[in-house]
Each structure stands twice: as structure tokens, then as C-alpha cells.
Amino acid sequence: MVGGLLSHIPLLGTNSVMYACGPQRMLEAVSEMANQRGIEAYLSMEEVMACGVGACLGCVVKTVSGYERRVQGRPIFNGNEIVW
Ligand code: FES
């Protein structure tokens, strides 16, 4: 459903870049769409922070280079970095 809606968004060409924030399932769809079109997608993987100091692991995201705590690092990831 989300991918179907996103497919109607026009892109300027192969130099286009997608930026997105929102629910994780939608971000996954945006990443998939960017991959299909051969362009970059930068996703704001913001999450509710339970402890805010890196202790609870509630904000961990799995990336191709390991797990990252968003509270201690960055909230923006290239879609290709995320292990969905
Ligand atoms: S909010 Fe607790 S580790 Fe990220």
C-alpha cells in the first residue's frame, strides 16, 4: 500500500535524493523504492527515547555495520545502511 502510493511521486532523475521521516514501515518502503530507482534515500529513524542515555537499548537500529543506539549517534541513516 505505502509503496503503491509512493510510486506516484515524480522524481527528477537519477540525481534525485529522497528524504523521509515517519513510521518505520513507511521508511522501509521509501528505501525499497529508492533502491529500485537507483537513488539515495536518507531516512530519519527517530524513535521514542526511553532512557535517553544509552542504557535501555530501546532505540537500537540494526545496520549493516552492527547495532547503533540512535540516542548516542545519529537519527539519519542512508536506507542502504539499515537491515530491515
Ligand atoms: S533511549 Fe535508551 S538506549 Fe536509546
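**Exercise 1.** Find the bridge partner of valine 61 in β4.

*Solution.* In this predicted model, local features need pLDDT of at least 70, side-chain atom pairs count only at pLDDT 80 or more, and totals for chains, interfaces and linings use all residues. Residues are numbered from 1 along each chain as its sequence is written, and side-chain values use heavy atoms, with hydrogens and water left out.

Step 1: take the elements as DSSP runs numbered from the N terminus (helices: H or I, at least four residues; strands: E, at least two). Step 2: β3 covers residues 60-63 and β4 residues 66-69; the two run antiparallel and are joined by four bridges. Strands count as paired if DSSP finds at least two bridges between them. Step 3: valine 61 has glutamate 68 as its partner.

**Exercise 2.** Compare the span of α2 with the expected span.

*Solution.* Step 1: the expected span is 1.5 Å times one less than the number of residues. Step 2: α2 has 14 residues, and its first and last C-alpha are 20 Å apart, close to the expected 20 Å. Step 3: just after α2, glycine 38 has a positive phi of about 70°.

**Exercise 3.** Which residues have the most contacts inside the largest nonpolar core?

*Solution.* Step 1: such a core joins buried Ala, Val, Leu, Ile, Met, Phe, Trp, Tyr and Cys residues through side-chain atoms within 4.5 Å; buried means under 20% relative accessible area (1.4 Å probe, protein chains only). Step 2: this core has 13 residues, with Met18, Val30, Ala41, Leu43 and Met45 making the most contacts inside it. Step 3: its largest share, four residues, comes from α2.

How values were computed:
Buried means under 20% relative accessible area, exposed over 50%, partly exposed in between (1.4 Å probe, protein chains only).
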